[in-house]
Amino acid sequence: MERPYILHMITPGKQMSPFDINMAADAGYQIIVPYCEAGIDSVTALTQDAIFSRGPKGVARTGLFIGGRDALLAADMLERAKKAMVPPFVVSVMADPSGAYTTAAAMVACVEAALLKNSPDGLKGQRVVVLGGTGPVGRIAGVLAAQAGADVALSSRNGIDVAEEAAQQTGKRFGVTIHGISGGDRAAVRTSIGDADVVLACAAAGVQVVSAEDLGFAKRLKVAADVNAVPPEGVAGVGVMDDAKPLAGTNAVGIGALAIGNVKYQTQHRLLVQMRDAPKAVTLGFTEAFATARAFLAESAAKAG
């Protein structure tokens, strides 16, 4: 009898995301076990319990998934799990805290694709302002944009000090340069987007961070992307289904939450299937998520055109 595919899902939170459990089941995992309120110091023991109990053939059908809501902690837990492996007992491991890695990857890949329609440089040299930039999606979107050559600023409605702290902490952890910028009031938001080529709206659901009046200050804007699917829209005029649709009153295009969400779903599904089917153990974080999102968009464009 073939051994079942088992996915051990580790989260620092009180419960594992039902979304991620559903995704794991749809990717073909037969046994899915959550471990809740698991701190980083528990990762080594959990990992080694998972790898030593199945033998070299069994580990090929065993995976670890790291969730939670902290993008930096998830990256640290991913590294801790990798270090706990003892060859040949090595299993695949994936991190996607609160969907932040795959959502950020999808968002930045969609923006890049829109920019590439008019310039071969894509994100390189573009001024990117991330509104709601101190949350998990905002931080990772900022990192990915910076890695792609953009000049990135994380904005916080709690002011410049909070934004700077998040930018420095995130940039140091992932080896990129990111700046902080205030989004504490309407004047600050308007100043922050005044020289932006790209605006990434990553604020909480149901919060409009850029009004129609605010958009009038974004004279250089090329792309506005919004992950908020709950009314009102995070960026005024960007509908949830918009996929590089012209944004009224600007020279920019808008990318909405469900357009991004489709790419996020496909990205997460592909990564989970890759983890399950890989002949050798793989480690999947936001870098791999970004590569997967890019590939999906390229395939979609080829089919369409």
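Predicted model: local features only at pLDDT ≥ 70, side-chain atom pairs only at ≥ 80, totals over all residues.
Residues are numbered from 1 along each chain as its sequence is written, and side-chain values use heavy atoms, with hydrogens and water left out. Helices (H or I, at least four residues) and strands (E, at least two) are DSSP runs, numbered from the N terminus. Buried means under 20% relative accessible area, exposed means over 50%, and partly exposed is in between (1.4 Å probe, protein chains only).

**Aromatic pairs and charges over rings**

- Y5 and Y29 form an edge-to-face pair, because their ring centres are 6.4 Å apart and their planes stand at 85°.
- This pair links distant parts of the chain, 24 residues apart: Y5 is in the segment before β1 (6-10), and Y29 is in the loop between α1 (18-26) and β2. Both Y5 and Y29 are buried.
- Y101 and F286 are also edge-to-face, with ring centres 5.3 Å apart and planes at 80°.
- Y101 belongs to helix α5 and F286 to helix α11 (residues 286-304), so this pair ties together parts that are 185 residues apart in sequence. Y101 and F286 are buried.
- Ring pairs join Y101, F174 and F286 into a cluster.
- R61 lies over the face of Y5, at 4.3 Å from the ring centre. The charged end of R276 sits over the ring of Y5 as well, 5.6 Å from its centre. The criterion for a charge over a ring is NZ of Lys or CZ of Arg within 6 Å of the ring centre and within 35 degrees of the ring normal.

**Sheet**

- Five strands form an open sheet in the order β2-β1-β3-β4-β12, with parallel pairing. The edges are β2 (31-35) and β12 (283-284), each with a single partner strand, so one side of each has no neighbour in the sheet.
- Two strands pair if DSSP finds at least two bridges between them. Strand β4 (residues 92-95) and β12 run parallel and are joined by 2 bridges.
- V93 stands opposite T283 in β12.
- In general, strands of a sheet pair through backbone hydrogen bonds, either parallel or antiparallel.

**Loop between β4 and α5**

- D96 is found in the loop between β4 and α5. D96 is buried, with a relative accessible area of 0%.
- The side chains of D96 and T102 make a polar contact of 2.7 Å. A polar contact is a pair of N or O atoms within 3.5 Å; within protein, one must be able to donate a hydrogen and the other to accept it, and residues adjacent in sequence count only if both atoms are side-chain atoms.
- Leaving aside neighbours within four places in sequence, D96 is in contact (heavy atoms within 4.5 Å) with D20, F65, I66, G67, Y101, T102, K264 and Q268.
- S98 lies in the loop between β4 and α5 (100-116). S98 is not a glycine, yet its phi is positive, near 55°. S98 is partly exposed, with a relative accessible area of 33%.

- Most residues other than glycine have a negative phi, and most peptide bonds are trans.
- E37, which is not a glycine, has a positive phi of about 55°. E37 is in the loop between β2 and α2 (43-52), and counts as exposed at 56% relative accessibility.
- The peptide bond from P87 to P88 is cis, with omega near 5°. P88 is placed in the loop between α4 (71-84) and β4.
- P231 and P232 are joined by a cis peptide bond with omega of about -5°. P232 lies in the loop between β9 (223-226) and β10 (243-246).

**Cysteines**

- A search of the whole structure finds 0 disulfides, a disulfide being a pair of cysteine sulfur atoms within 2.5 Å.
- For C110, the closest cysteine sulfur is in C202, at 12 Å, too far for a bond. C110 is buried, with a relative accessible area of 7%.
- C36 is partly exposed, with a relative accessible area of 34%.

Methods: Phe/Tyr/Trp six-rings, centres within 6.5 Å; stacked < 30°, edge-to-face > 60°.
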